[in-house]
Amino acid sequence: MMNCLKCISQRNSWYQLKRLQSSLSTSHSKIQIPVRIERGPTDILHALASTVPDDPIQNDYVYQDDPFLLPIRRTDYRNYPLSYEAGKKAAMWIHEQHNELFVQHLSEPEIEAFKPVKYIDEQEASEEMLLQAILKYRISEALHIYKLLKTNVSNEAKQSLLELLCFYTDQDTLHMDLYFEKWFIKNKEKKVWLHKEEINELYQFLIKQDSLTAAAAYSTLICGLAKCSRSDEAWAIFQKCLKAECLLNINAYNFGLLLIPEVIGKKNPMKVKHMYDILKAMNRNGIKPTVETLNAALKVVVQSSTNVYDPIIRNLLAEYRNLNIEFSLATYHYIMLTSYYRGDYEAKSSHDEFLDIIDTLENVNMTLQDSADFKFFTHAMTLAHRYQDKVVAEKIHRILLFGNNRTFLSNDTSKTTYYYAYLSLLLSTCTLDEFFHFYNKCCPKEYVPNQRLFAEIISSLQQYELKDNAKYVLKIWTDVNNYNSKEIHSKYNVLRMMKIDDLPADSPFKTAFANAALSLWTEIKNGIDSDIITNSPLETGMIACIAILLLHSGLLKESIEVLQYTIKKSHLFLPTINQQQLNELFEGCISAECIEAALLALEYAINSGFPQTVKMGMKLKNLPQFTSNDHDKLISLLGVDALNMLNTSEKKAKVLR
């Protein structure tokens, strides 16, 4: 014990000596105060979030409130978040239209968005209020304040108001946080240019001021008209400014480049001359180009079916590299488009160029620099699918999951296209185990398969023996039911693979397959009884498949019900059953010793005009379990003459024996 205390004492003395030496060595040195780091109110939250491992497959928040409430229908993945956002929009509407209800500030600290919008009179109006309304994109409020101020507004404020009216002329109030609406609803309608008197008034006033003020007004109107597809008007003003050597801003020049294909024509060779004229004008006026300028120039050039413009593309890229302008994803998108317009996807040079682009982007956290950046990942994965290159597809997916790159899948359409191309490629290049490993990770958390992908998976599964892929057949059956529940024909194609006789005797999948057949039959019957599917007649081949599966599962009563219903309402079904299916159904009935079902199969064969019905009747009549009641039913089906022929043929056979 004493030895231990002695060791501790010696160790403490050594630490005290080191501390004293350290203090003496730093006492004569200058104290360095670290530079203050400005912290935002949410920096601590970001710091805490960085300690949590990143999940490459993550759900949106709207689905995470309760894991048991995850949607199980493809349409629900769209309806749930849109309903969630509809509540937000309703609250915004009440806040804007009935602001008198919001008399108290219940938030602490006070939240600006919760404040009621109050009416401003002439005495209260100020330029600061006008700028605040412009900053919040409140067009009606900004116009109201502007009219109250009359002429007491600076040129800078008038320019800001002109920009608001030109860029958002068809929208009164902008809600920038409606994420899910932008995600699921693809707005295909072009923005509409509304001829507001204030736009013309502000524009005519500003272009008569000094040259810089006039140039800013010209630039604003060019961008606004181009954004709203008023190409000819925007081009006319742009050409007027070029001739007058007006100092337009970089955005006006970029829109001018984008106008060339619309005004001159995508395949007009003069488009390159106009492009160079604009770039030269920028150079003369000392306007430094941006990556958006490069992308706009590339968009002008690549939209051609020839390789004449390849040297121009290479020169453009070289020039911008010399200017140290970092390429965006849109730049690579336009480079890859050259292969599409030339139609040389099969060329090795195009594939090598594609590989170089993907290698360049590995382990790079990309930033948004151009609206066309959002097109890159969908285009790249579609190319990988076309090239059937699994390795490059996996690289693209790693790039997508790196950093914040997954934000470049900006809407449901692009995400669906991307994951369809990726999964379809994996399906054609991997083993079933490899494919379903990724499929189970991805679906439905990240992507809900569409009918086209299900069709490809089903077609692929049909190439394997059932004993090797029974679990995958059942998985696809479940997913088709969950995500494409209305696609009865897809379910039928899965059901065709469920051949119970091909499974081992003790297979647990037999019961599951029988339940699948019952489930599909119940859905078909309910649909017919409720007049849901009468407009699209079902095929008897599908019904035969269900009946055979039920027979082989020992569900004789259910199989008889299927056959009776089909014969009773034969006008609702297309007669697509073939001879092989009919024979299989008939033999299955006999093997199961179910004479009632066999007679129903014979009745269907007679009604559909199949040959060899007499031979089928003979086989039935010779069964040991064939009763007198069955004999009467056989007479009613075949007739007395046919039955006499059966008896005669039997007697001859006995004599010969």
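How far is the sulfur of C589 from the closest cysteine sulfur, and in which residue does that closest sulfur sit? In this predicted model, the closest cysteine sulfur to that of C589 belongs to C594 and lies 6.1 Å away, which is too far for a bond.

**Cysteines**

- A disulfide is a covalent bond between the sulfur atoms of two cysteines, and the structure holds 0 of them.
- Because a disulfide is counted when two cysteine sulfur atoms are within 2.5 Å, the 6.1 Å between the sulfur atoms of C589 and C594 is too far for a bond.
- C589 is buried, with a relative accessibility of 0%, and C545 is also buried, with a relative accessible area of 12%.

**Positive phi angles**

- Most residues other than glycine have a negative phi.
- Y137, although it is not a glycine, has a positive phi of about 60°, and this residue is placed in the loop between α4 (127-135) and α5 (139-149).
- With a relative accessible area of 28%, Y137 is partly exposed.
- Q612, which is not a glycine either, has a positive phi of about 65°, and its position is in the loop between α28 (595-607) and α29 (613-621).
- Q612 is likewise partly exposed, with a relative accessible area of 49%.

**A cis peptide bond**

- Most peptide bonds are trans.
- The bond that joins C443 and P444, however, is a cis peptide bond, with an omega of about 5°.
- P444 itself lies in the loop between α20 (432-442) and α21 (451-461).

Technical notes: Residues numbered from 1 in each chain as written. Predicted model: local features only at pLDDT ≥ 70, side-chain atom pairs only at ≥ 80, totals over all residues. Heavy atoms only, no water. Helix = DSSP H or I, 4+ residues; strand = E, 2+ residues; numbered from the N terminus. Buried < 20%, exposed > 50% of the residue type's maximum accessible area, 1.4 Å probe, protein only.
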